[in-house]
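Work through the exercises below with the sequence and the structure open. Try each task before reading its solution.

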Amino acid sequence: MQTFFNGIITGVIMTLPALAVTLLFGVLKFPNFAVGAMMTVAAYLAFALNAQLGWPLLVASGVAALAMGCACIGIDQLTFKPLRERGAITLMVASLGLGFILENIARFAYGNTARSFALELARPFRFLDLRMNREQIITIVVATAAMLLMWLLLTRLPIGRAMRAVADNPALALVRGIESPRVIRWTWFITGILLGVGGVLIGMDRALEPPMGSNYVISVFGAAILGGLGSPLGAFAGALIIGVVSELSTLVIAPNYRIGVPLVAIAIVLIFRPQGLFGQPYIRK
Amino acid sequence: MSAVLEVAGLHAGYGAGDILKGIDVALEKGRIVTMIGPNGSGKSTFIKTLAGLLPARQGTMKLDGERLNDLSPPKRVRAGVSYVPQEYNVFRNLTVLENLKIAREFMAEKRGNGSAIDAELIELFPELPAHFGKKAGNLSGGQRQMLAFACALAVRPKVLMLDEPSAGLSPLLMVAVFDKVKKVNAMGVSILMVEQNAREALRISDTCIVLAGGRVRSCAPADAVLGMKDLNRLYLGADVL
């Protein structure tokens with residue numbers, strides 16, 4: 001039961017980056033492998049505001065997430081926009097390079113030493129025979145709230161509907177009067193916020209170190225592919241499944257090998273249900 | 001009667017070659033114009049170029065005197081050009097209501113009143129409200145075509161361009177579609193239609209333009225073209241009429 005709960009926490013942490021991956025893939029049709037490094041940079045920014053300037057973590061995280069949202073718009077303008085016409089493979093390779101650069105910016109600034117946010121130590125407590133700590137509860141609350149806000153945005157607000165419309169059929173979106181550049185900017189901004197919050201949650205769960213985000217990339221992509229790339233609900237479900245199965249796998253295999261779980265999930269999904277659990281079959285338009 | 005849409009010397013195409021080789025067309029206000037021609041004659045290319053999905057290499061396109069050439073597709077929609085593609089003409093993963101809302105939402109700044117759906121649209125498409133909560137991808141072919149129609153009309157266009165609106169529909173649904181086209185036209189919307197079911201389309205049209213080899217071969221009153229015996233052989237290359 002405790003392992004299952006730990007898996008839920010691991011999955012919940014992955015929901016936000018998985019949603020960022022699936023949102024961006026839906027609108028821009030390329031896998032952004034810089035998500036891990038983007039989370040790392042946002043987490044270090046929150047660390048700088050929280051541990052170095054003494055801001056409360058909640059405020060520091062909010063500012064870091066907003067800053068990452070704005071930074072993502074700038075990154076898109078400088079890195080991805082000029083390459084947009086060259087196809088998904090070029091954009092994917094660019095994202096790999098960008099991830100390398102961002103991770104090393106964090107490394108140059110803070111070194112390889114593991115750091116942690118300035119949080120008061122709190123004693124873990126028991127609930128229904130489960131041992132949990134304050135950070136895990138914060139993680140569940142924040143991730144759930146973020147997912148609800150994302151659901152509201154995507155289903156209730158015009159910009160959310162426009163993002164889904166562009167993801168569904170970009171050419172039709174144009175002739176329905178939807179300005180793609182505006183939708184793309186919003187998508188990057190929201191992606192940045194999700195990655196910013198996700199980075200802080202990872203930093204709270206583990207420690208802050210340069211590869212902290214990259215360590216999650218395979219699991220995050222596994223979650224997004226399992227749920228169905230482009231499906232927000234799928235990203236949520238995929239993250240929880242990958243998280244729980246990864247943790248449960250440690251009961252039968254050495255913990256070092258649990259990274260294989262998302263890879264196996266990706267392989268199984270691509271063979272038997274390429275569109276994932278909640279994705280739509282791909283139709284070339 | 002004045003022209004709402006004027007096209008002069010239009011060249012456009014894919015890759016190196018031009019598919020449209022100097023098209024001159026004028027669509028008069030409140031008229032239905034049907035464009036016919038053999039496969040590959042450039043009918044769909046013409047409509048896509050007007051919608052802004054393909055750039056014009058030469059020539060001018062004007063809507064009510066406003067030059068369209070330099071406008072992006074969304075700006076052309078705001079100017080008053082609405083386009084219903086032949087396939088994939090609704091957002092499959094959005095509900096019917098969301099499809100209608102999105103069609104109107106981005107028009108609020110210039111045309112339309114900003115509200116999602118108006119009574120006029122529902123009166124024209126009374127079958128749609130029953131499906132508001134359904135994903136558009138789950139609709140039948142005829143229902144999808146009606147939704148696409150409604151979405152294109154939600155932006156209150158001056159010119160509605162339809163690419164093969166009856167493609168893949170049963171004869172009964174085809175009649176229903178052309179009936180809607182007439183009703184839409186009666187609301188004052190000028191219509192430019194590309195259609196393979198030429199006989200049915202010409203019955204409701206005012207003017208027929210015959211396109212072949214990327215050029216306008218004929219522009220005549222629709223009823224006169226309907227009466228021509230050898231039009232199939234001359235322009236369509238098949239027994240379409």
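**Exercise 1.** Are H5(B) and H6(B) roughly parallel or roughly antiparallel to each other?

Some conventions come before the solution. The model is predicted: local features need pLDDT of at least 70, side-chain atom pairs count only at pLDDT 80 or more, and totals for chains, interfaces and linings use all residues. Residues are numbered from 1 along each chain as its sequence is written, while chains are lettered from A and ligands numbered from 1 in the order in which they are written. Helices (H or I, at least four residues) and strands (E, at least two) are DSSP runs, numbered from the N terminus.

*Solution.* 
1. Take the axes, which are lines fitted to C-alpha atoms, for helices over the stretch in contact, with angles from 0 to 180 degrees between N-to-C directions. Those of H5(B) and H6(B) come within 10 Å and cross at roughly 10 degrees.
2. Angles under 35 degrees count as roughly parallel, over 145 as roughly antiparallel, 65 to 115 as roughly perpendicular and the rest as oblique.
3. H5(B) and H6(B) are therefore roughly parallel to each other.

**Exercise 2.** Find which residues of H5(B) meet H6(B).

*Solution.* 
1. Two residues are in contact if their C-beta atoms, placed from the backbone, lie within 7 Å.
2. On the H5(B) side these are Gly142(B), Gln145(B), Met146(B), Phe149(B) and Leu153(B), which meet Leu173(B), Ala176(B), Val177(B), Lys180(B) and Val184(B) in H6(B).

**Exercise 3.** Decide why H5(B) counts as largely enclosed.

*Solution.* 
1. A residue is buried if 20 or more other C-beta atoms lie within 10 Å of its own, exposed if 12 or fewer, and partly exposed in between; C-beta atoms are placed from the backbone.
2. In H5(B), 12 of the 14 residues are buried, so the helix is largely enclosed by the rest of the structure. Among them are Arg144(B), Leu147(B) and Cys151(B).
3. The cover includes strand E6 (81-84), helix H3 (96-105) and strand E7 (159-163) of chain B.
4. Just after H5(B), Arg156(B) takes a positive phi of about 50 degrees.
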